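Morning, everyone. I have one structure to walk through today. Please take a look before I start.

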Amino acid sequence: MRGLIVKDICLMKGQAKFMLLILAVTVFLSYNTDGTFAASYLVMIASFLGISTISYDETDNGYGFLFCLPVSRSQYVAAKYLFNLLLSVAAWIAGIGVTVIIWLVHPGESGLTELLITNLFFLPVIFLIQSLMQPTMFQYGSERGRIVLFVVIGVIVVVCYLIGKLCELTGIDLSSWMESLSQYSVGVILLVLMLLSAMILLISIPISVKIIRKKEF
């Protein structure tokens, strides 16, 4: 499995100039935005870059070659999840680094501690992104998978909007419910979100394994 991760790292080295460009753009855009932009932007870019390695594996019957090696399909899936999580976390750390540097050069209204705590909530988001992206890409492939993924995200946004409108019509006050969460510490809320997102990730992995085992190469 280590060899699979090394393979993906070598593929990412080919994107080094693009990643440096993205980092420069992030620094430029972060100067006049809130302190959560850098981490969120870099995590999203890293997620799509990591998923692009599946496209490389599909090219020229790459799967057929990979599975001729002493590598099981479950190991392949595990390596993909691990690599993409590591890449996203590295992007998250880089985003926090950009946030800290920008704040030191140009302090905003929010304190540095507040910004760092806010950025911690992107960790469960990373788990959720991978839980959604990986099975989609394995099922539909890199090209159609991107389209399906955008459609799914769009449906989620619409559903959330409709839930908000439904709550307004039925007189349910979401703001008061959100305020009730303030009685809990940030650490407790973050821990609960991390546990929930980790559970979803653990459910996503066997789904991806089942998908890849059914495929013929």
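Follow the protein chain along its sequence, and the pattern reads α-α-α-α-α-α-α-α-α. That is nine helices and zero strands. Keep in mind that this is a predicted model.

Some overall values. The chain has 217 residues, and 34% of them count as buried. Its C-alpha atoms fill a box of roughly 55 × 45 × 30 Å, taken along the principal axes. Now take the contacts with a sequence separation of 6 or more. Residues 24 or more positions apart account for 79% of those.

Let's go to the core. How many residues does the largest nonpolar core have? It has 37. Five residues have the most contacts inside it: Y63, Y76, V77, W92 and F138. Which elements give two or more residues to this core? They are helix 1 (2–13), helix 3 (37–58), helix 4 (62–66), helix 5, helix 7 (122–170) and helix 9 (186–214). Helix 5 gives the largest share, 10 residues. As general background, nonpolar side chains in soluble globular proteins tend to be buried together.

Zoom in on V77, one of those core residues. Leave out residues up to four places away in sequence. V77 then touches F138, I205, S208, V209 and I212.

Next, helix 5 and its partners. I'll take helix 3 to begin with. Helix 3 and helix 5 pack with their axes 8 Å apart, at an angle of about 155°. Parallel or antiparallel? The cut-off for roughly antiparallel is over 145 degrees. So helix 3 and helix 5 are roughly antiparallel to each other. The crossing of helix 3 past helix 5 is right-handed.

Who makes that contact? On the helix 3 side, we have A38, A39, L42, V43, A46, S47, L49, G50, I51, T53, I54 and D57. Across from them, helix 5 brings Y76, K80, F83, N84, L87, S88, A91, W92, A94, G95, V98 and T99. By class, that contact divides into 15 nonpolar, seven polar and two charged residues.

Now turn to helix 6. Helix 5 covers residues 73–105, and helix 6 covers residues 112–120. Their axes are 11 Å apart, and the packing angle is about 165°. That makes helix 5 and helix 6 roughly antiparallel as well. Helix 5 passes helix 6 in a right-handed crossing. Helix 5 contributes W92, I96, T99, V100 and W103 to the contact. Helix 6 contributes L112, L115, L116, N119 and L120. What is the class count for this contact? Eight nonpolar residues, two polar and no charged ones.

V100 is worth a stop here. V100 sits in helix 5. Its relative accessible area is 23%, so V100 is partly exposed. Beyond residues up to four places away in sequence, V100 touches L112 and L116. V100 and L115 are 15 residues apart in sequence, and 8.7 Å apart in space, C-alpha to C-alpha.

On to helix 6 and helix 7. The axes of these two helices come within 5 Å and cross at roughly 20°. That angle makes helix 6 roughly parallel to helix 7. T118, N119 and L120 of helix 6 make this contact with F122, L123 and P124 of helix 7. The classes here are four nonpolar, two polar and no charged residues.

Two more residues, then I'm done.

T26 lies in helix 2, residues 16–30. Is T26 buried or exposed? T26 is buried, because its relative accessible area is 0%. Past the residues up to four places away in sequence, T26 touches F37, A38, Y41 and L42.

L82 is in helix 5. L82 has a relative accessible area of 35%, so L82 is partly exposed. Residues up to four places away aside, L82 touches M1 and I5. L82 and Q130 are 48 residues apart in sequence, yet 9.9 Å apart in space, C-alpha to C-alpha.

To recap: nine helices and zero strands. Thanks, everyone.

Technical notes
Residues are numbered from 1 along each chain as its sequence is written. This is a predicted model: local features need pLDDT of at least 70, side-chain atom pairs count only at pLDDT 80 or more; totals for chains, interfaces and linings use all residues. Side-chain values use heavy atoms; hydrogens and water are left out. Axes are lines fitted to C-alpha atoms, for helices over the stretch in contact, and angles run from 0 to 180 degrees between N-to-C directions. Helices (H or I, at least four residues) and strands (E, at least two) are DSSP runs, numbered from the N terminus. Angles under 35 degrees count as roughly parallel, over 145 as roughly antiparallel, 65 to 115 as roughly perpendicular and the rest as oblique. A crossing is left-handed if the near helix is turned anticlockwise from the far one by less than a right angle, and right-handed if clockwise. Contact means heavy atoms within 4.5 Å. Ala, Val, Leu, Ile, Met, Phe, Trp, Tyr, Cys and Pro count as nonpolar, Asp, Glu, Lys and Arg as charged, and the others, Gly among them, as polar. A nonpolar core is a set of buried Ala, Val, Leu, Ile, Met, Phe, Trp, Tyr and Cys residues joined through side-chain atoms within 4.5 Å. Buried means under 20% relative accessible area, exposed over 50%, partly exposed in between (1.4 Å probe, protein chains only).
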